[in-house]
Each structure stands twice: as structure tokens, then as C-alpha cells.
Amino acid sequence: MTITIENVIELINGLNDPKLNKHYENKLEEITNEIGFGVVLAKLASGQQFDMVHRQFSGILLKKYISKHWNDFNDNQSDDEEIDDNLDEHEKIQLKQMKLQQQQQTKKEYRVLLKEEKIEIKKLLSPCLSDPSSKIRTAIAMCIAKIGAYEWPHEWPELVDELIGCLNRANAGNDNGVGKNNDLLHGVIRCLELLCDPHDGNISDEQIEKLVKQVYPVFSELLGRDIDPMIHIRIINVFRSTVTHLTYMKGITKGLSKALFPFIPTWVPIFIGHLSRVLDLSSPHINHYFTVMSAIIEIFTMLIQDFPKKTSKYIQEILSPIWTLFNNCFPIYEKVEINPVHGIVSNFVEEGITKIDRLVSSIFDFMQQIVENQSLAPLFKPFLKPIFANSIQYMQMNYELVDLWDSDPNLFLENEDDTTYTPRVVSTTLVQSMCDIYKSDGTKYLFEVISETLIKAQEEKTKSNKNWWKIREAALVALCDSSQSLSKIKQFDVVSFLSTNLIQDFQDTINENDEDQGSLILRGRSLICASKFAKLVDPSISLPFFNQAVILITQNVPITLKLTAVMAIGSFAPKISPQSIVDYIPSTVQALIAMINQLSEDSLLLVLDCIKMLIRIDKDITGQLEPLLIPHLSQTWINYANDPSFADALKEIFQIICACPKSYPGILQRMIPTLNIILSDYSNTMYNIIADSAADVLSLLMARVDQQIDTFLLDQLFAPILNILLTCDCQANRGILKASLCALLPFVYKTSSDLLLKWTFTPITQPTSPINGLHALFLVLRRILFETDELVRVEVPSIISALLIRHSEIIGPQTLPLFETTLQAFYNCKLPSTKRAFSSVFARLIIQHKTTIIDYLAGIPGPNGKGNALVFVLNEWQKYHLEMTSKLENNVSVVAMCTLVSLNDPRLESITVDGSQIIPDRSTRDIRRKKSQYNGGLTEEWTKVNLFIKLMENLLETIKLEKEELAKNSNGTANPSPQDHHDSDEDYEEDDEDDEDDEETTSKRYPNIDENGFAPAEDYAHMIDGGDDDDLAEYLQDEFTEDTFEIISKSDPLYHVEIIKYLSDFFTNLSKNSPSVFTIVAPLLNDFKVQSFGK
């Protein structure tokens, strides 16, 4: 098939038509391997007689075409997917091999261009760097740079020389520009910029080194000349990209370092010249100058950070103009960004151009590196106060942030995040670092500057300066973010500051139509500020501010002010004793719930985080609030099903509510419809992302249910879980499978055997063949054990144990198949976590069936016919006993080992198992690791010991670990559980039976406030217990983070075995109950000094 320009134009038109796009994408794939297609693309892109849109689009297609067809590899192969760090070496190798096989199977075959085609394309493209259109020049430059990355300097050695020659010709002429070819100049510079960019991913370090040596002298000369500032920007971008690459590859690209650093002496005077430029806001190129300056400063910031010794000699030179900018830039920044003068600088900037905010941010970043460098930090010590003063000025809210406060709460929160690169945020980071580095000197000067700034703000207010509040707000920002440092100096009287200064921001009442935005912003900032110091003052000082925050979220005020109050509540909560704020929780949570429908994105997550923190404080109150919480949170869960951040946040909230006894049975009734909808339709794109979270919530919900599981619960919740496990794609939906297996566990534990046999279930895969619950469980177990990987199978052993514990009497004829299936799965295990889990199953079987299971295992061949199953099970079990991760698994293992000894079975005395792992030297490890790439994994080597020796070693080590843990707990200070704080609160439950509080209760909870919104401190005294005021993190226990297995485990009698006492009794009677075993292990016991047990 012959490809013509008309064919390509038709193709481009089709690709740009939404209705035809899919069809022409397929057509593009069909013709992409046709001979001559690339040449036709180049002809269209280079032909000035063709339409501009077609030319530009053709250039874009050509660049992609070159990436796929120029060589016998293409750039579009995806990187290896991230490998889970929790996997062992064998599993990582397996997953990598699987990934490689998938890539090989799906790899697209692309035709490599003929030599003649390559020559023709290069011939067509080269003259087009002088095209009058900047878009075409860029498209052509991208193509040439891509080819250059593949061919220069070997196949296309003349490329860079020709580009430099074009550069010299284009720049020839007099100083007035006569004789210069600006189009060619821009085209060549753009091409070199793209070619030199190490982040493109194609150019090698060797090529970068050659380019630096060949191109940088020309670039340096151009950078020193007074030419189009856009040329300067492109050149400085190349420098910055190279330095960035060098810092990323530090220690690896030593050749690049050697090539680059000789240019620094040349750069420094040129850079200083640019940084010393007089900034004239009326210049049409002012933003171009800002861009060049910020790039230069960023280059030196990176060099100081990563190569301090090599750059130290230039610090004094480069610091001088940057210090001048730091001191002189603020008036310009204020006019442009904080209190803008209309029309002084255009807000519109073209691509690649930055404004003064980027320049200021880069200055602060540079200064941050000076401060953090131990040898350079003394340079700033004489100037701490002016640095603090300047920094606080730059912390003022710019006009865009003020507008966002009104118009877009989510973007406002995003811009206030401490990871954003803005003068407000970066200056705050510098101030914090200076307090850390310069210790008391820094903090003292900061306090002086903050105090003076607050006075200045008051003076500006007196002068009727409408922007006075920005100055005060900036001082409060500095105070908030340096609160930990400031709280340590004597000059700062926190009580006086909160009681007299911050309270000023609450003197005016808020009207519904209040247009004084500044006072509202100050009110929110003051609340956050008060929250930062709450732990340092008596709760009677903090509670009025906390009360104000609670009141604000109930009032008709701007939503961003409410969100600021939410942040303050979240900050107060860990610092005020729970008893002091517990009475506020119901009304606060109600107000937060009311806000949910008004919010989205970051602002909604902020509210959810606050709810999560408050409902952890008191389980009884949370349980009583369940009817309010669950309906709204469930709806939010559905609304934001496709956002993992919301799924995680809401799952944690549900987990907390599930842990509160008073949430039941209401939470179960209210969650059933939502969980049923999600789990029954889990493959729906709307629910797929939260299906695993839904299964997690279900497992926690059912694990804490006290009522008998009935047919309704099985129909609504158990059936969807079974269908997921029987139909879900085992490779694509690993997370859903794991979560569903966890959800299965409480049903197995809590459903009666009789109901499990009577209840019928109709699988989606067999709509005409209903089966009972037990049969369904066996189908699930068999599928998971033989069709999934170990990361999923690891959840199965706990279910098998549950069946053995709860339903052994009804398993009947299924017992033997269950054993066989479990044993085969155990044989196939590679991961230690899975081996531990299956070991626990067989330990349980030994406790239950004793000699019967020993006989059974002894008669079954081992893996690959080697030995027998008994030796295999005992070996793996003893190898991993000390790595048992849960209390129940550990107890089961210990009791099973003692049971094994008590059997006095002579067959066991002759068994040897793995003792200690043999750790090879480094060279041997390297050889084995290389071999493992071919043999499927690393081979471990172990010493061999008698079974009972290994068993006793494990038991003795268990005692040692248990005693260490006991000593650790007894020496530590146990945190009181939340229930301990309410032992005398029986009347509280009776008072709260009604939905409405009576007048007396309300007056006690919310003291009478004055006209400023504050009550006298003594009115809050009844809320303060005067006791421990530890952070909420210390107050709260891990009760809310228990997983399903931990909750279920507590119903197992073996969970409550006191291991030290149990083993003490065991060893005391060992010689009498098992004399033959005692003979084998006596030397070991003597070494351990068995007489010390029980002490």
C-alpha cells in the first residue's frame, strides 16, 4: 500500500473528530508499519504549503513514530511494576519472571525503518528549524532531538556541529539585529534544549558528557550576551536539567561531574550579571528575567546541597546578589502579588515563563540550603533578625490565595499545604529551620520580630490601612508554625498572649452578611494559633477557643472559615484532656455531619479526619451517635466510591464505630443495605474500588456482633461474599479476594452448624443448583487454594481452623478431602507467612486429633515423593514457630508442641528437622542470587537437629520472649482505657436517653458567653479534671485497630492460656510424663537452668 500526504491528512482529520477518533486510531495502527509512512509524515510536517494544524499534528505523529520504528526497540514499554517489599527473594523473582513473560506475549512488533527512509526523513526535517511558526519549529526540534538521541555521535556524527554552525550563522549580524535569523536561532536553540535534556529518557550519560563539552561553551557565550531573553531561558533550562540529572545520579555519573564543573567558573560572573539586573516592572520582559533568575538560583541551590565542597569557593560571590534580591524584592512582590497594583505586571505568562513568586520561592530555597549547611550557617547568624522580618513579610496571603479563600475551599487548602512551592510556605520552612539550627538565638529574634509585626499591624489598622490584617495574619502563621520552639523561651507568656492578644480577633460579632473578609480569616487563624499552645496552658484558657471553633461550624459563615475551625478542633483534641472536651462531642459531630453535603475533595477529607478523631474519644458517645453517623457516611462512601482516599478514611471511621458496643444492633441494620449493594455488584465500576473496603468493614462488623447469625444475615451478607470468592478474577482482584476471605471468618465462627447445613445458597455460576452453606465453603476453599497465589492463600488457614473448631462434628466425610487439600497447599507454599499460617492449622489438628493425625501424616508421601508428610509438617512448623505473629497462633503452637511431647510416640524420636540457617559469605550469596534467576529462587541451607531438641529450643525461647514482654509491660506505664474514665458516669447514660438536652444540662456544657463570644475561664472549671493531660495519641489504645482475626481469636479458649505458667508446669512434669524425651533434651534444659522457671 502506497501512503500519500492526502491519506495522512484524512487520518489527521479523523483523529481530531470525536465521532471518528476510534476508527482512525485503528487505521493508524494498520498503516504505521507501511514503508514510507514516516517519510510522508516528514513531508507534510516540513511543507509550508500545507495547513498549520496538519503540519503540527504530523510532527507529533512523526515523533511518536520515530520512538517506535527508528531502532529495533521502542520507548513505550512500561517499566516493571513495583514489587512488594514484603515478599521474599523467591517471590520477587517469580513475579518478575511472570511480568517478563506477559510482556513477551503482548509485545507489539514494529517495523524498523530502512536506512533510506532515515536519510530522507533527516533531510526533510533539518531545514525546518527556521520555519516562521514557533509550533512547527518545536515539533521539528522534537523529532530531530529524538533521532539525535539514537544516532549522535555514531550514526549522525555531524548533527551537533551542524546545529552549532546554524547557531553561529543565525546569530551573525550587528547589535541592532540586522542580518540575524531569529527563527533559525530559536529553532536551533529549542532543538539543542531538547537534545540535551537528560529527562527525556533516551540520551545516555556518555552523550550528555559529550554535549556538555561541545555545546556548553557556545551556550555560555550566548548567555552572557544581551539577546532575546527567551534564548536565555532555554539555555538556562538546559543547565538546570543537567545539574538536576547530576544530583539525582550523584556517585554514578562521575564523568558528567568532571565535564560539568569546569564550566562553573565561567558561569558565576554570567549568573551574577543576570542576578544583578535592575528590575523594572514596566519592562515587557520582566517575567522572563524572573524566570532566568529563579533558574540560576535553583541551579546553585542544587549544587550547594549535593556538592558543597566543590561550590563553597563561589558562595560569597553568588550570595551577594541573592542577598540583595532577598532584601529588595519585597516591595515589587507586594505590588505584584500581595496588594496588586492594577496593570503593573501582566498576570498572563506564556508556557515556560514564571512570575516573581517562583523567584522568591527559589531565594528562600537557596537560603534554606545555607542554613542547613553546617559550615555555611554562620554566614547568616549576624542577620537573623532581618531574615525573620523579611520572611514574615513574604508569609502574607497573596491576592490569589485570598480569592481562593472565598471561591474555592479545596484549592485554598491545597495551596496552604506545606508541600507547595510558594513564598508563603517556603518562607515558613526557612523560619522553622532557623529556629532549629540557631536554637535560642534564633527563637529569641523570631519572637521579637513577631511582636514587632503584631504592633505594626495594629498601627496600620489605626491608620485605616485595609490590608492591615494580612500583616497580623502573617505574624500568626509564623507563631503557629514555630510554636514548639517559641514555647521554650521565657520571653513568651503563652497565657497572656492567648488571653489578651488572640482574643482581639473575636471582639466583633459575625453577621450573616459580614463582608469583612480579613477579620474572618484572622478569626480562623487565631483559633489554629490557640490550638498550637493548648497543651502549655490550663484547659480553662484553651476551652473558650475550642468552644468558639465548635460554635463557628454551626453558624452561617463562609465555608472556608468553618474548615479552619475544623482544623483547629482537630489540633485542639490531642492537646486537651478528653474529659474536658467530651461534652462537646455530640454537638460537634452533628455539625460536622451537617457540613458533609456542602463539601468535596480535600475539604471533605478534612472533616472526615476530624470526625475520626472525635469519635475515638468516647466509645459510649460514639455508639449513641451511630444513628446519625452511619446513614450520612454510607452515602458519602457511595458518592466517592472511585476515590481511594475517601475509601480509606471512611473505612477507618466505620472500624471505630464497629468497636463501640452501643453501636449495635443499629449499625448492623443500617449497614446491611449498603454492604449488600456494594458486594452484590462488586464488578460494577462504581463499586469496584471500594469492594475490598466493604468486605473489610463487613468482617469487622460481624466479628463484633453478639447476636446469633440468622438466615437473613446469611442471605444479605454471606451470600455476596461467597459469590465474590467463587467468581472473582484471581489475578486482577487480589485485594477483593483477600478482604472477602477475612469477611468469611466471622461467619464461619458465629454461624451454628445446624444453620450452616440447612441454609441454601445458589452460586451465580450454578443458578439452577442450590447448595448448603458448608458445601459452599468447601468450594471456596478449594478454588482459593488451587487457583490463587500465596498472597491470597495466606488468609485460608484461619478459616480452616475455624471449621475445625466450630464445625468438626458436621464435616464428616469431608474431613479427609479437607486434610488432603490443606496438605497439598502447604506443600506448594514458598512464603514464610503462608508456611506459618498452615503450620498453625496442623498444630491445631495435633491438639484435636493427636495420634490420629500423626498416623495420617506418616502415611502420606512428602513433597515430590520425598520422605513423608509428617516430617515435612514438623520441619516447617518448628522452623517458623518463633515467627508466629499473633497471640493465638503462638499459643496454639506452644500447646501443640507440648501435646506432641506428651504422646510419647517413638516414631518422633528419630525425626530430624532444620536447626539453624547457614548464612553464606558475601561472594557465595552473590553466586546463589545469580543462579536463582534460573532455578526459580534462592536455596536455603540449614543444619539438622533432633526434632525434640528443636522443639525444646523453641519452647525455651518462647518463655524467654514472654518474660521479656511481661517485664517490658510491667515497667511501662499502661494507658488507661477509655472506659476507665467513665466508671462513675452511670448517670450520664440516663441523662442522655432523650434526644434533646434539658436546659440545665445545656447550660452546664456551654457556659454563658460574653459579647465577645467568650465566657470567664472559671465557668469551664467543671469540665476539667485536673489530672493527666497527655496527648490523645497517648490516651487512646489500640482497641480501634484490632483486625477481624484478633477479635475472633479472643473467643478461642487457647487465646487465654498463660504461656509462662503452662510451660512451667510442662517442664516440671516432663521427666515424669515423657522420660524418653527428657533423656534427649536434658543437656539442653540444664544449660538453660530449668530450675529458674516460675520465678
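This is a predicted model: local features need pLDDT of at least 70, side-chain atom pairs count only at pLDDT 80 or more; totals for chains, interfaces and linings use all residues.
User: How much of the protein is buried, and what share of its contacts joins residues at least 24 apart?

Analyst: Buried residues make up 53% of the 1095 residues. Among contacts between residues at least 6 apart in sequence, 76% join residues at least 24 apart.

User: What makes the pair of lysine 27 and glutamate 10 a salt bridge?

Analyst: The closest N and O atoms of lysine 27 and glutamate 10 are 3.6 Å apart. The pair ties together parts that are 17 residues apart in sequence, because lysine 27 lies in helix H2 and glutamate 10 in helix H1. The cut-off is a side-chain nitrogen of Lys or Arg within 4 Å of a carboxyl oxygen of Asp or Glu, so the label applies. The structure holds 40 salt bridges.

User: Are those two partners buried, partly exposed or exposed, and why?

Analyst: Both fall in the middle class, which lies between the 20% and 50% limits. Lysine 27 has 27% relative accessibility and counts as partly exposed. Glutamate 10 is at 34%, so it too is partly exposed.

User: How do you know that arginine 358 and glutamate 298 meet in a salt bridge?

Analyst: Their N to O distance is 2.6 Å. Arginine 358 sits in helix H18 (residues 356-372) and glutamate 298 in helix H14, so this pair ties together parts that are 60 residues apart in sequence. Against the 4 Å limit, the distance qualifies. Arginine 358 is partly exposed at 29% relative accessibility, whereas glutamate 298, at 11%, is buried.

User: Where do aspartate 914 and lysine 944 lie, and what makes them a salt bridge?

Analyst: The closest N and O atoms of aspartate 914 and lysine 944 are 2.6 Å apart. Aspartate 914 lies in strand S3 (residues 912-917) and lysine 944 in strand S4 (residues 942-946), so the pair ties together parts that are 30 residues apart in sequence. With the limit at 4 Å, the salt bridge label follows. Aspartate 914 is called buried because its relative accessible area is 7%, while lysine 944 is called exposed because its value is 57%. The two also belong to a network of salt bridges that links Lys835, Glu876, Lys879, Asp914 and Lys944.

User: What forms the negative surface patch, and why can aspartate 481 be in a patch?

Analyst: The patch is formed by Glu414, Asp417, Asp418, Asp481, Glu601 and Asp602. Aspartate 481, which lies in helix H23 (residues 468-481), is partly exposed with a relative accessible area of 34%. Patch residues need over 30%, so that value passes the area test.

User: Which peptide bonds are cis at proline 153 and proline 665?

Analyst: The bond from tryptophan 152 to proline 153 is cis, with omega near 10 degrees. Proline 153 is in the loop between helix H7 (134-151) and helix H8 (159-170). The other joins tyrosine 664 and proline 665, with omega about 0 degrees; proline 665 is in the loop between helix H33 (644-658) and helix H34 (666-680).

Key:
Residues are numbered from 1 along each chain as its sequence is written. Side-chain values use heavy atoms; hydrogens and water are left out. Buried means under 20% relative accessible area, exposed over 50%, partly exposed in between (1.4 Å probe, protein chains only). Contact means heavy atoms within 4.5 Å. Patches are made of residues with over 30% relative accessible area and no salt bridge: like charges are joined within 9 Å, nonpolar side chains (Val, Leu, Ile, Met, Phe, Trp, Tyr) within 5 Å. Accessible areas come from the Shrake-Rupley method with a 1.4 Å probe; for residues, only the protein chains shown count as cover. Lys and Arg count as positive and Asp and Glu as negative; His and the chain ends are not counted. The place of a charge is taken as NZ of Lys, CZ of Arg, CG of Asp or CD of Glu. Helices (H or I, at least four residues) and strands (E, at least two) are DSSP runs, numbered from the N terminus.
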